[in-house]
Amino acid sequence: YTTIPKEGTPIKIGCSHPLTGYAMLLGEFCRKGVELAVEEINENGGILGRPIELYWADDKCNPPDGVTAINKLITVDQVDAILGPQCSSVVLATMPIVKEEEIPMVIFCATSPLITEQSGVGGNEWTFRINPHDGLMGPPLAKVLKEQFNVSSMCMFVLNNDWGRGNVMVWEDLAQQYN
């Protein structure tokens, strides 16, 4: 901002989530949680005296729809920041947009390691991940499966998207590590 917003000026948060389609339950749970949190924050005076306004866009957990959703939040709703998307493929498809538009995007659910690799200094400085990626979550689970449950083989059925492919990469390495 070139000027500091006045107290009482709303902070506009855009939320890009799957509100329809095969992953709509994820979006529905997220929506309920975010709305509850924002209601509580606003009841307690907002952030630095500024209330939060939410703007929603349905990305359907589909990259082309995600691009449309992010563009809507930025150009039509003119949000200050974006929460989501939840699906790794949508995050990866929209990262260049938030970088070009210089809108911060906070990722809390998508787990592809590629998001981390493409974020931060030298990459996309407008995307912030606050959750662990598959490469961090897989090894402890693999260790428990091998050492406590004596699992010697496994089969994975995954979606053919960045989330599924990322999991396959992680688990192929873990399978070799644990024989």
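Modeller: Cysteine 61 and cysteine 87 form a disulfide, with their sulfur atoms 1.9 Å apart. The term here means a pair of cysteine sulfur atoms within 2.5 Å. A disulfide is a covalent bond between the sulfur atoms of two cysteines. The link is left-handed, with -115° about the S-S bond. It joins distant parts of the chain, 26 residues apart. Cysteine 61 sits in the loop between strand E2 (52-58) and H2, and cysteine 87 in the loop between strand E3 (81-83) and H3. Helices (H or I, at least four residues) and strands (E, at least two) are DSSP runs, numbered from the N terminus.

A word on the source. This is a predicted model, where local features need pLDDT of at least 70, side-chain atom pairs count only at pLDDT 80 or more, and totals for chains, interfaces and linings use all residues. Residues are numbered from 1 along each chain as its sequence is written, and side-chain values use heavy atoms, with hydrogens and water left out.

Both cysteine 61 and cysteine 87 are buried. Buried means under 20% relative accessible area, exposed over 50%, and partly exposed in between (1.4 Å probe, protein chains only). The structure holds one disulfide. Cysteine 109 is partly exposed, at 29% relative accessible area. Cysteine 155 is exposed, at 59%.

Now the packing. The largest nonpolar core has 17 residues. Such a core is a set of buried Ala, Val, Leu, Ile, Met, Phe, Trp, Tyr and Cys residues joined through side-chain atoms within 4.5 Å. Ile70, Ile74, Ile82, Val91 and Met105 have the most contacts inside it. Helix H2 (63-76), helix H3 (88-101) and strand E4 (105-107) each supply at least two of its residues. H3 gives the largest share, five residues. A second, separate core of 10 residues includes Ile11, Val34, Ile52 and Trp56.

Two residues show the packing in detail. Contact means heavy atoms within 4.5 Å. Not counting residues up to four places away in sequence, valine 91 touches Pro85, Met105, Ile107, Ala110 and Ile115. Threonine 94 lies in helix H3. It is buried, with a relative accessible area of 0%. With the neighbours up to four places away in sequence again left out, threonine 94 touches Gly66, Val67, Ile70, Pro85 and Met105.
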